[in-house]
Amino acid sequence: MLKLSHISKTYQTGTEVTHALNDVSFEIQPNQLTVILGPSGSGKSTMLNILSGMDRPTTGSVTYDVKVINTESDQQLTEYRKKMVGFVFQFYNLISNLMVAENVAITAQLVSKQYQQPINDCLAQVGLQQREQNFPDQLSGGEMQRVAIARALAKHPRVLLCDEPTGALDTQTSQQVFKLLQASKNPQTAVVIVTHNPLVAQIADRVIRIRDGEVEKVSDNANPLTVEEVDWG
């Protein structure tokens, strides 16, 4: 579905060159939860930006289905993000002056009606159908993140990218969020969680471990644990 082939990314400031990624290759499949695991500074954020089409690799190719997207125009990459990619961020990124239902609806409107999920269904999916008329500052952190997930799912994305989605949450609330994300994978949707927390690997179908901009190991898990089965400590 989404394939990175020999991806490298370098940044140059004056005479100093930084190698953020070096010869990275792996695939992300639908109906799987993939965890990209690595410490701070390992290249996780750069990898996420390239997967999402927000950045281009210096060398290598990013293929979505059969199309090499990193060679497309900026407008075509914008369309890829709008139609194919959903985002869940660490700090929610909700629009403060819009109600919950409006925050979800604004993302659904990015795609044609045939791909939109009804707003009420999206909120019911995350257990917040009674909060549709609330503003973000009337919600807890866990509720805001659940709204962010509903917002991402509203356009029925083919790739759901989650950047440290529980980094600002307590352990119990984090488990609720991970349970929702694990349930979000389906035959049309791949879920990707970028994290430094090794415990999250236990719920993944595929784990991609990176360090210093390189893939250390890609491992598949035929029997991932449910969130309830993990000892979160």
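**Reading burial, cores and helix packing**

User: How do I read burial for a single side chain, taking Thr-46 as the case: is Thr-46 buried or exposed?

Analyst: Thr-46 is buried, because its relative accessible area is 13%, and buried means under 20%, exposed over 50% and partly exposed in between, with a 1.4 Å probe and protein chains only. This is a predicted model, in which local features need pLDDT of at least 70 and side-chain atom pairs count only at pLDDT 80 or more, whereas totals for chains, interfaces and linings use all residues. Residues are numbered from 1 along each chain as its sequence is written, and side-chain values use heavy atoms, with hydrogens and water left out.

User: Which residues does Thr-46 contact once its neighbours within four places in sequence are left aside, and in which helix does it lie?

Analyst: With those neighbours left aside, Thr-46 is in contact (heavy atoms within 4.5 Å) with Lys-9, Tyr-11, Ala-20 and Leu-21. Thr-46 lies in helix H1, where helices are DSSP runs of H or I with at least four residues, strands are runs of E with at least two, and both are numbered from the N terminus. Helix H1 spans residues 44-52 and has 7 of its 9 residues buried, so it is largely enclosed by the rest of the structure. The buried residues of H1 are Lys-44, Thr-46, Met-47, Leu-48, Ile-50, Leu-51 and Ser-52. After H1 comes Gly-53, with a positive phi near 80°.

User: Which residues other than glycine have a positive phi, and where do they lie?

Analyst: Asp-65 is one of them, with a positive phi near 55°, and its place is the loop between strand E4 (59-64) and strand E5 (67-68). His-156, also not a glycine, has a positive phi of about 50° and lies in the loop between H5 and E7. His-156 counts as partly exposed, because its relative accessibility is 21%.

User: How do I read a nonpolar core, and how many residues has the largest one here?

Analyst: In soluble globular proteins, nonpolar side chains tend to be buried together. A nonpolar core is a set of buried Ala, Val, Leu, Ile, Met, Phe, Trp, Tyr and Cys residues joined through side-chain atoms within 4.5 Å. The largest one has 39 residues, and those with the most contacts inside it are Ile-149, Leu-160, Phe-178, Leu-181, Ile-193 and Ile-203. The elements giving two or more residues to this core are strand E3 (33-37), H3, helix H4 (119-125), H5, strand E7 (159-163), helix H6 (171-184) and E8. H5 gives the most to this core, with 7 residues. A second, separate core has 27 residues, including Leu-2, Ile-69, Phe-87 and Ile-210. As for Leu-160, its contacts beyond four places in sequence include Phe-87, Ala-152, Leu-153, Leu-181 and Val-191.

User: How do I read the packing of two helices, and at what angle do H5 and H6 pack?

Analyst: One compares axes, which are lines fitted to C-alpha atoms, for helices over the stretch in contact, with angles from 0 to 180 degrees between N-to-C directions. H5 and H6 pack at about 10°, with their axes 10 Å apart. That makes H5 roughly parallel to H6, since angles under 35 degrees count as roughly parallel, over 145 as roughly antiparallel, 65 to 115 as roughly perpendicular and the rest as oblique. Gly-142, Gln-145, Arg-146, Ile-149 and Leu-153 in H5 meet Thr-173, Gln-176, Val-177, Leu-180, Leu-181 and Ser-184 in H6. The residues of this contact divide into 5 nonpolar, 5 polar and 1 charged, where Ala, Val, Leu, Ile, Met, Phe, Trp, Tyr, Cys and Pro count as nonpolar, Asp, Glu, Lys and Arg as charged, and the others, Gly among them, as polar.

User: At what angle do the axes of H3 and H5 cross, and which residues meet there?

Analyst: The axes of H3 (residues 100-108) and H5 (residues 141-153) cross at roughly 30° and come within 7 Å. That makes H3 roughly parallel to H5. Val-100, Asn-103, Val-104 and Thr-107 in H3 meet Val-147, Ala-150 and Arg-151 in H5, and the residues of this contact divide into 4 nonpolar, 2 polar and 1 charged.

User: Where is Gln-202 placed, and what does it touch?

Analyst: Gln-202 is in the loop between strand E8 (190-195) and strand E9 (206-211), and counts as partly exposed at 29% relative accessibility. Not counting residues up to four places away in sequence, Gln-202 touches Asn-221, Pro-224, Leu-225 and Val-230.
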